[in-house]
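Please look through the model shown here before reading the comments. The points are numbered for reference.

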Amino acid sequence: MRILKTLTLRGPNYWSVRHPQLIVIRLDLEVFADQRSDQIDGLAEGLAEILPSLKTPGPSYRRRFLERVEEGISLAEVVEHVALELQTLADMPVSFGRTKETKTAGIHQVVFEYENEQSGRYAARAAVRLANSLAKTGGYPASELKQDLADLRDLQAEASLGPSTETIIQEVERRGIPWMPLQSRAMIQLGHGVYQQRLQATLSSRTGILGVELACDKEGTKQILKNAGVPVPRGTVIYYLDELADAIDRVGGFPIVIKPLDGNHGRGITIDINGWDQAEAAYEAAKDVSKGVIVERFYRGRDHRILVINGRVVAVAERVPAHVVGDGRSTIDELIEEANRDPRRGEGHANVLTLLTVDRTTWQLFENKGYDLDTVLPDGEICYLRSTANLSTGGIAIDRTDEIHPHNVWLAQRIAKLIGLDIAGIDVVTSDISQPLRQIDGVIVEVNAAPGFRMHFSPSEGIPRNVAEPVIEMLFPPGQPSRIPIVAITGTNGKTTTTRLTAHIFQQTQKVVGYTTTDGIYINEHLVEPGDTTGPQSAQVVLQDPTVEIAVLETARGGILRSGIAFDACDVGVVLNVAADHLGLGDIDTVEEMAQVKGVIAEVTRPKGYAVLNADDERVAAMAERTKAQIAYFSMQPDSELVQRHTEAGGLAAVYENGYLTILKGDWILRIEQAVHLPLTMGGRAPFMIANALAASLAAFSQGVSIEEIRLALLTFRASAAQTPGRMNLFDLGNFHALVDYAHNPASYEALAGFVQNWPGQRIGVIGGPGDRRDEDFITLGRLSAQMFDRVIVKEDDDTRGRPRGEAADYIIKGLETVGDCRYESILRESEAIEVALDSAPAGSLVVILPESVRQAIKLIEARNPVPQAPPSP
Ligand code: ATP
Ligand code: ATP
Ligand code: MG
Ligand code: MG
């Protein structure tokens with residue numbers, strides 16, 4: 001078996017709305033296509049032997065799984081379960097999985113959850129490798145499995161955002177605030193659009209650059225604090241070795257501390273220096289890190305970190321340098337090894353504690369005591385491996401939040417303000433944090449910007465503190481929203497038009513509207529980026545924009561299938577219609593399956609929001625069952641039973657009645673405007689445009705936009721060639737009209753027919769379709785054309801997409817002939833076909849062109865000087 005294709009879904013999707021993070025593989029079972037698990041010797045036993053955990057209770061996918069393997073299931077399902085189990089075993093608990101055979105026998109879609117996407121994709125490959133080996137040999141080497149699990153863990157660790165960020169994200173998710181990584185500087189965005197805030201580790205968008213620079217300048221910090229009466233170590237800065245002796249005198253002689261002027265993480269620091277040789281060595285060590293060197297009096301005491309967030313002390317920790325405690329039997333080396341066996345210890349910042357290592361400082365400390373690694377420590381004796389208490393060098397942290405003296409609280413809060421930091425880590429050396437600092441000769445040694453949170457939320461001893469909460473409360477105080485309204489629009493036809501119209505309506509409210517369409521991303525009237533931008537990445541551009549107050553997102557099938565949608569929930573989910581188009585792509589083969597894809601938009605609409613559904617489309621109306629949102633129906637039928645029942649129960653709807661576009665709110669009838677007055681509906685003659693306008697109006701109305709604003713927007717929105725090229729662009733050529741439209745599936749031809757049939761004069765069609773459509777689609781196009789036009793010119797696209805020239809035209813003609821009384825001719829070159837049609841159009845007629853190249857068609861028409869369109873009426 002082998003993987004044909006791998007998709008990584010990152011948002012609500014076709015398979016699940018509640019499990020956004022899914023890997024989807026297209027798996028070809030090859031020789032195992034017809035063999036079930038019970039027909040392969042030794043497979044069930046082999047699986048139970050390699051992954052015995054499958055037998056144990058735990059995640060739901062394990063239940064009865066091995067029994068089912070014995071009874072006989074497809075190997076694709078085995079791959080699904082193995083992929084889940086590998087991740088669970090690598091400490092990434094996952095549970096959701098699905099397997100579905102495609103239309104092609106032997107090819108399956110295997111879907112499973114991931115926690116980390118790199119690990120998820122790896123798990124897919126590893127699961128297939130394991131299943132292949134099992135099926136062929138009945139086993140899988142234990143060493144391979146071990147390596148797989150190690151690789152899965154490594155990939156996860158590499159992707160980790162760091163412990164402080166992870167804990168903040170947990171809090172963010174608990175509060176339902178959306179977040180996303182930004183592709184730069186490990187920054188993350190919290191919230192959407194205009195309400196967004198940013199974080200980078202524990203720097204926030206509120207953190208001021210002056211405060212950070214000051215904190216990084218230890219000497220400057222000390223000066224500011226000293227001037228404000230805060231106790232700081234007596235000290236001085238030197239740049240040359242020959243200043244050292246003098247400096248030691250100035251701070252009052254030994255013991256002293258020597259450290260780099262701008263260093264961190266304890267690098268280059270030597271404390272408790274008691275003699276000249278040691279001082280000289282310490283000077284050199286500090287000099288390696290920074291040009292300037294601080295010489296300070298050494299203050300005996302314990303090391304504390306006070307964390308101040310948004311003006312309040314939120315946690316206090318005592319930090320103890322890396323050390324081991326003797327037992328009277330083991331050597332120091334053995335004690336270190338023993339300590340490192342603690343599963344909480346790991347490399348760097350990723351774990352609760354960091355591994356103990358031996359370095360220059362350790363040897364120096366040993367030297368002072370006359371120890372080496374083979375020394376056996378007496379029972380109970382503490383041997384320090386570092387002189388500073390950084391967690392990243394193996395230190396431990398003890399929570400002291402409940403012990404700090406109120407005077408010290410006041411002092412710390414004042415210090416954070418003096419330095420100008422919203423999030424500050426204040427390093428204090430004092431023998432007892434529960435005594436006022438000044439009374440017992442304690443000092444502030446440093447103030448840190450971007451302090452680590454690990455020692456507070458997972459201290460080695462004492463109560464863990466939720467220090468993420470005050471950060472989020474600072475960035476999003478009560479009452480401050482984190483989300484902008486999101487309107488998502490999907491359907492087979494009319495998405496772009498409805499998206500543009502909805503955006504245009506919201507613009508009447510003076511809000512900044514960001515929207516995505518098949519033509520590009522826009523913010524208000526500005527084009528941000530041209531292109532087919534109906535996927536999640538384009539939606540992200542809008543949601544990440546700090547000026548956007550409302551997002552209106554055309555959400556097409558392609559993006560939903562490829563990577564899921566870009567947001568966890570929307571306020572309005574509009575589903576216009578579901579018809580046969582794009583079938584056979586992405587393993588979506590039936591209209592029912594397509595409805596399932598588009599229904600995701602209804603499903604992710606939040607309960608307080610509205611799913612705006614087409615009551616006239618059975619499959620769309622049925623989506624009401626799938627959503628927890630409130631429902632608003634739109635319908636072209638004023639007497640639609642569904643709408644009547646809905647409004648009688650107090651529901652919201654929009655209908656086309658007596659020539660008006662009207663909102664129904666329970667018993668109330670709110671008329672927006674007569675359809676004939678709306679440029680978009682071409683004098684009321686394009687019914688599907690009326691339907692699109694009903695949907696857009698309902699979307700806006702449900703978000704509080706007034707009827708007056710909606711009316712104004714509808715009166716000023718037109719489907720001009722400039723605004724919406726290729727979408728019902730009508731040109732007045734003096735004694736006849738030409739229409740350019742991009743209808744490209746049976747449902748949109750039918751919609752177009754609704755307009756064409758209302759045309760009073762003769763109707764001429766210039767038709768053809770892209771070569772990659774199915775034969776039957778061409779026949780349908782022919783049949784529908786014969787019904788809608790008096791005369792048809794059949795043409796082909798210049799790019800036949802692999803079909804022999806003339807074949808598509810033949811199918812269309814076949815369709816034309818099923819109807820009979822339609823005059824037709826075939827002119828395969830598109831430009832020629834258009835010219836012939838325009839040259840021969842009788843007075844009062846309408847020439848409808850469905851071109852391959854919208855631009856060329858419009859150019860040919862414009863060369864004939866159409867009457868300029870009237871400016872939009874106010
Ligand atoms: P970090 O980045 O972890 O904050 P750092 O490299 O910025 O470390 P400092 O905070 O200045 O260095 O010092 C590290 C530790 O050394 C302090 O937390 C304290 O334990 C000790 N220390 C520094 N200066 C003194 C001093 N004057 N007296 C006593 N101990 C000191
Ligand atoms: P695409 O899949 O190309 O992005 P879309 O869904 O964005 O298409 P539009 O670009 O708005 O749709 O319209 C394309 C064509 O579909 C229109 O020119 C018209 O012929 C037809 N159409 C528009 N609205 C509807 C509708 N509500 N029902 C059926 N057909 C429609
Ligand atoms: Mg420090
Ligand atoms: Mg579109």
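1. Basis of the note. This is a predicted model, in which local features need pLDDT of at least 70, side-chain atom pairs count only at pLDDT 80 or more, and totals for chains, interfaces and linings use all residues. Residues are numbered from 1 along each chain as its sequence is written, chains are lettered from A and ligands numbered from 1 in the order in which they are written, and side-chain values use heavy atoms, with hydrogens and water left out.

2. Confidence. The chain has an average pLDDT of 92, and 99% of the residues score at least 70; pLDDT is the predictor's confidence in each residue, from 0 to 100. The scores for the model are ipTM 0.90 and pTM 0.88. Where pLDDT is low, predicted coordinates should not be read in detail.

3. Overall form. The chain contains 28 helices and 38 strands, taken as DSSP runs numbered from the N terminus (helices H or I, at least four residues; strands E, at least two). Along the principal axes, its C-alpha atoms fill a box of roughly 110 × 75 × 55 Å. Of its 874 residues, 57% count as buried. Buried means under 20% relative accessible area, exposed over 50%, and partly exposed in between, with a 1.4 Å probe and protein chains only. Among contacts between residues at least 6 apart in sequence, 67% join residues at least 24 apart, a contact being heavy atoms within 4.5 Å.

4. Magnesium, ligand 3. D427 (OD) and E446 (OE) coordinate this magnesium ion at 2.0 Å. Donors are N, O and S atoms within 2.8 Å of the metal (3.2 Å for Na, K and Ca), and sites may look incomplete because water is not among the atoms. The pair links distant parts of the chain, with D427 in strand β20 (residues 423-430) and E446 in strand β21 (residues 443-449), 19 residues apart. Both D427 and E446 are buried.

5. Magnesium, ligand 4. Here the magnesium ion is coordinated by T496 (OG1), T518 (OG1) and E554 (OE), at 1.9 to 2.1 Å. The spacing of these donor residues in sequence is T-x21-T-x35-E. T496 in helix α16 and E554 in strand β26 (residues 550-554) are 58 residues apart and link distant parts of the chain. Both T496 and E554 are buried.

6. Ligand 1. Oxygen atoms of the ligand are 2.9 Å from a side-chain N or O atom of K259 and 3.1 Å from one of D427.

7. Ligand 2. Around ligand 2 there are 19 residues, of which T496, T497, N692, R727 and D741 come nearest. An oxygen atom of ligand 2 lies 2.5 Å from an N or O atom in the side chain of T497. For the side chain of K495 the corresponding value is 2.8 Å, and an oxygen atom of the ligand is 2.9 Å from a polar backbone atom of G494.

8. Nonpolar cores. The largest nonpolar core has 77 residues, and I505, V552, V574, F634, L714, L739 and F755 have the most contacts inside it. Such a core is a set of buried Ala, Val, Leu, Ile, Met, Phe, Trp, Tyr and Cys residues joined through side-chain atoms within 4.5 Å. Helix α22 (residues 687-702) gives the largest share of this core, 11 residues. Apart from it lies another core of 52 residues, among them W15, I521, I560 and V575.

9. Helix α23. The buried residues of helix α23 (residues 707-716) are I707, I710, A713, L714, L715 and T716. They pack against α16 (495-507), β31 (660-665), β32 (668-674) and α22. Beyond its neighbours within four places in sequence, L714 touches residues including L501, I505, L661 and A693.

10. Two loop residues. Is D797 buried or exposed? D797 is buried, because its relative accessible area is 6%. This residue is in the loop between β36 (791-794) and α26 (807-817). Leaving aside neighbours within four places in sequence, its contacts are G769, P770, R805, E830 and E852. S95, in the loop between α3 (75-89) and β3 (97-101), counts as partly exposed at 31% relative accessibility.

How values were computed: Polar contact = N/O pair within 3.5 Å; in protein donor to acceptor, adjacent residues only side chain to side chain. Near = heavy atom within 4 Å.
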